[in-house]
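Open the model in your viewer and keep the sequence panel beside it. This tour moves from one selection to the next.

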Amino acid sequence: MRNPTQTASHRPFCVRLAAALLACAAAAARGETLARYLDVNSSGMNVEVRINGFPIYESADWHGGSGSVFLGSVLHKGKNEIAWTARAGPVVLKEGQPGWVEVEVMEAPADTPLRTGENPGKALYAKRVLPLATAELLPGAAEGREILTGSVSEENGAAVFRQIAPRRWAWGMRLTGPDLRIAGRPVTLRHALISDSLVRGEIHFLQSGTDRHVVFTDLRLPRGGGKIEFADEMAARGARFLDGGEFDTVWIFGTAAEGVDQLTLAMLSVDTARRSYEERAEFEVALDHEWAWQQAGEIGDLAGLPEERAALIAHLRRLHEAMNGTEIETWTPFFETKVAELAKATGQDAAALGGQQLEFFRDLAAIEGWRLEPFDEDRLLLQQVNSRVVRVRYVDSDGPILSVPLPKPGEPETLDRFTIPLYLAKVGGQWTVVK
């Protein structure tokens with residue numbers, strides 16, 4: 001068991017159990033079953049990760065964060081699926097501040113007790129993405145780019161625009177390579193050596209063969225060069241930018257100062273930010289056993305199975321009633337399957353692990369004022385992880401095992417709550433906690 005929110009008020013108990021589980025993982029790393037972890041690190045991103053349908057990691061806010069989660073019984077023999085999404089926060093999108101996310105599934109080294117920076121183990125899956133990207137569009141002689149405005153001369157890396165009328169000009173470029181795209185929301189545009197005159201105009205981003213088109217108006221390209229920040233209010237009325245859009249064409253239309261016959265441009269680049277990423281991938285795991293949830297009975301949509309749903313809720317009520325009291329021995333039967341699975345995952349004796357869990361429960365019940373919030377069926381959210389497992393929570397928390405506000409040891413003015421994530425399956429015809 002653990003407090004998934006890592007609340008400060010109950011961290012001493014959680015740390016004690018975490019240390020015990022870490023020792024279990026270390027023992028497993030030295031045996032045939034290697035301990036496996038999900039590592040997530042991010043900045044300016046909100047990240048969610050699922051493995052084989054199980055929600056494993058959810059960042060708390062747009063600032064991102066980091067975490068390492070022992071995967072235990074969510075992995076099975078052979079191919080495993082990881083599915084994750086990352087969304088860029090407002091600061092990344094609006095101000096162009098750097099952001100990134102790194103997701104890794106790691107297998108602990110077999111010859112050391114714990115992972116270290118020098119010996120982190122084997123990566124079963126690894127991906128790092130950056131929401132911000134820069135498309136360098138000039139000098140325009142590079143392969144895979146096509147000038148759209150007809151005759152454009154290139155001198156010393158500067159492109160000379162074709163004049164379409166006195167003081168009016170147009171320039172465009174299409175990326176012709178199959179993998180070349182401007183992906184994301186335009187954040188800034190940088191330019192250099194645009195002729196010695198203030199230029200006003202607008203810029204169009206398009207995707208060939210589609211109606212995806214966004215226009216930014218009232219651009220002012222300073223003399224010599226500079227940077228333009230694209231603000232939402234600059235988007236032309238009626239123009240619609242699609243999240244996650246990709247563009248292969250850029251058009252710039254402008255008006256030059258009087259007396260300017262031609263324009264030069266030595267550098268043009270566009271900074272963009274992708275709002276979201278999503279990936280599904282597979283990785284291999286070697287195991288010689290299956291888990292209880294794999295052998296559990298298939299369940300359909302509980303919304304259409306009122307008797308099955310009622311049986312599950314009745315089981316949750318009994319669990320809630322037990323943990324709302326102080327007779328600790330009545331808590332443990334509800335978690336026997338989970339303890340057996342964790343013991344199998346870590347290579348530890350199930351009885352020893354059960355003893356550690358019992359000590360953890362006793363610490364909880366000993367907290368002054370320990371009791372749970374009343375069970376509220378109307379707030380229940382039953383989410384099917386896969387065809388055999390149901391995640392149980394409240395719509396506003398990881399409940400329904402949710403304590404009343406409890407004082408932080410040594411800081412009675414600070415209150416916090418304890419909650420437990422619950423994953424249940426029907427093993428041997430009976431609902432039970434499997435994770």
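Select Glu368. Leaving aside residues up to four places away in sequence, Glu368 touches Leu406 and Pro407; contact here means heavy atoms within 4.5 Å. Now draw a C-alpha to C-alpha distance from Glu368 to Leu406: 7.7 Å in space, for two residues 38 apart in sequence. Glu368 sits in the loop between α6 (350–365) and β24 (380–384). Helices (H or I, at least four residues) and strands (E, at least two) are DSSP runs, numbered from the N terminus. Is Glu368 buried or exposed? Glu368 counts as exposed, at 69% relative accessibility. The classes are buried for under 20% relative accessible area, exposed for over 50%, and partly exposed in between (1.4 Å probe, protein chains only).

A word on what you are viewing. This is a predicted model, in which local features need pLDDT of at least 70, side-chain atom pairs count only at pLDDT 80 or more, and totals for chains, interfaces and linings use all residues. Residues are numbered from 1 along each chain as its sequence is written, and side-chain values use heavy atoms, with hydrogens and water left out.

Zoom out to the whole protein. It has six helices and 31 strands. Of its 435 residues, 47% are buried. Take the contacts with a separation of 6 or more: 72% of them join residues 24 or more positions apart. The accessible surface is about 20900 Å², and carbon and sulfur atoms hold 49% of that. The area comes from the Shrake-Rupley method with a 1.4 Å probe; for residues, only the protein chains shown count as cover.

Next, the sheet. Colour β3, β2, β5 and β23 in that order: these four strands form an open antiparallel sheet. Strands pair if DSSP finds at least two bridges between them. Which strands stand at the edges? They are β3 (54–58) and β23 (276–285); each has a single partner strand, so one side of each is left without a neighbour in the sheet. Neighbouring strands are turned by 20° against each other on average, direction ignored. Those axes are lines fitted to C-alpha atoms, for helices over the stretch in contact, and angles run from 0 to 180 degrees between N-to-C directions.

Stay with β2 (residues 45–51) and β5 (residues 78–88). They pair in the antiparallel sense over seven bridges. Pick Asn46: its bridge partner in β5 is Arg87.

Step on to Asn52, in the loop between β2 and β3. Asn52 is buried, at 13% relative accessible area. Its phi is positive, near 55°. Most residues other than glycine have a negative phi. Jump to Asp218 for another positive phi, near 60°. Asp218 lies in strand β17 (residues 213–221) and is partly exposed, at 42% relative accessibility.

Select Val105. Beyond four places in sequence, Val105 touches residues including Tyr37, Leu71, Lys122 and Phe283.

Last stop: Asp39, in strand β1 (residues 36–43). Asp39 is buried, with 13% relative accessible area. What does the side chain of Asp39 contact? It makes a polar contact with the side chain of Ser68, at 2.8 Å. A polar contact is a pair of N or O atoms within 3.5 Å; within protein, one must be able to donate a hydrogen and the other to accept it, and residues adjacent in sequence count only if both atoms are side-chain atoms.
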